[in-house]
Amino acid sequence: MDSAIAVLASQSPNVGNTTALLVVHNGQIVREMYGPDVDAETTLISWSIAKTITQALVGMAVADGLLSLDQSNLFPEWENDLRSGITLRHLLNMSSGLEWREDYIDDASSDVIDMLFGDNEFSGDHAAYAIAKTLDATPGTKYLYSSGTTNIVTRLLARALGELPNSSDAMNAFMRSRLFGPLGMTSAKPRFDASGNFVGSSYVYATARDFARFGLLYLNDGAWGDREILTHDWVQFAGTFFAHDDENGFDYGGHMWISPDDKGSMLSLGYQGQHIWISPHRNLVLVRLGVTDASIAPNLHAELLRIVRSFPHERALLGNDGTSE
């Protein structure tokens, strides 16, 4: 482990710049490292780690009976075409069938750049931008990673919470009372677009320690102390294989990544190499935040995998029926 941490600490051009690295084993911080001008109190950007935070919030709403995985006819804009068949499950599995281009470099053809930063007819309403997309596949039949999809999900959640137009009050209160507050994520700062919708695709700022708290929630099967935050079934849904992503080599579940290299592990990943790596077998959570170009992302993954594998298997995984594997 120490040699891999040394590589990350060196800020080597082969792995990019690491601004924060935190390793939690058996509930205790065993390694903690920060880059220049960063410390344990510095809030850092989540990028797509926010997608898994959205997953957790939706899980609470499903448990409350406010949302259902298989509900369809989700928006009036979809009523008169095949988009009416899109379900919340399809959205969380990134299989809505809606057209999308998730490109972080080519401004001219990137839907995600246009959605977040572009001057278009939907400027300031990221969910509306994504809702307006047309189908290019039957819902449920094609995996396509899409930040727009997550912002559709946050619009659904806000509506279920009774959010008023152009307001973020209900969503903000739900986040803080049901997730950030119970977990002690006091640094967490979500960002909302001009329409008041949570930008669940990309924007939560928090300290590395608070991102680790979020990872521990999934490591502990949705429990925080003696309180159930997420149900066992919801955590299992997050980590249940739906598709393999050929671009990054990971598998995808229910708004959560799965590593083929560490059985039972779940990962929350973000642009430029943000990681929350949750390894239940090893009773381990690893948080890495920083800036790594996509071209060297495999090098970063290899070093993080070395750290994860330096910890032995310590407990059995629970299967979908609650029994150990």
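**View 1. Residue types in the lining of the largest pocket.** The lining residues of the largest pocket in this predicted model divide into 16 nonpolar, 10 polar and eight charged. Ala, Val, Leu, Ile, Met, Phe, Trp, Tyr, Cys and Pro count as nonpolar, Asp, Glu, Lys and Arg as charged, and the others, Gly among them, as polar. A pocket is an open set of points on a 1 Å grid over the protein atoms alone, where a 1.4 Å probe fits, with protein on both sides within 12 Å along at least five of seven lines; lining residues have an atom within 4 Å of a point.

**View 2. Space and centre of the largest pocket.** The space amounts to about 1,100 Å³. This volume is what probe spheres set on the points fill, with points joined across faces, edges and corners. Of the 34 lining residues, Y104, E247, N248, A294 and A297 are the closest to the centre.

**View 3. Elements around the largest pocket.** β11 (266-270), β12 (274-279) and α10 (297-309) each give two or more residues to the lining. α10 gives the most, with four. Helices (H or I, at least four residues) and strands (E, at least two) are DSSP runs, numbered from the N terminus.

View 4. S84 sits in the loop between α2 (49-63) and α3 (88-92). Leaving out residues up to four places away in sequence, S84 touches S72, N73, W78 and E79 (heavy atoms within 4.5 Å).

**Notes.** Residues are numbered from 1 along each chain as its sequence is written. Local features need pLDDT of at least 70, side-chain atom pairs count only at pLDDT 80 or more, totals for chains, interfaces and linings use all residues, and side-chain values use heavy atoms, without hydrogens and water.
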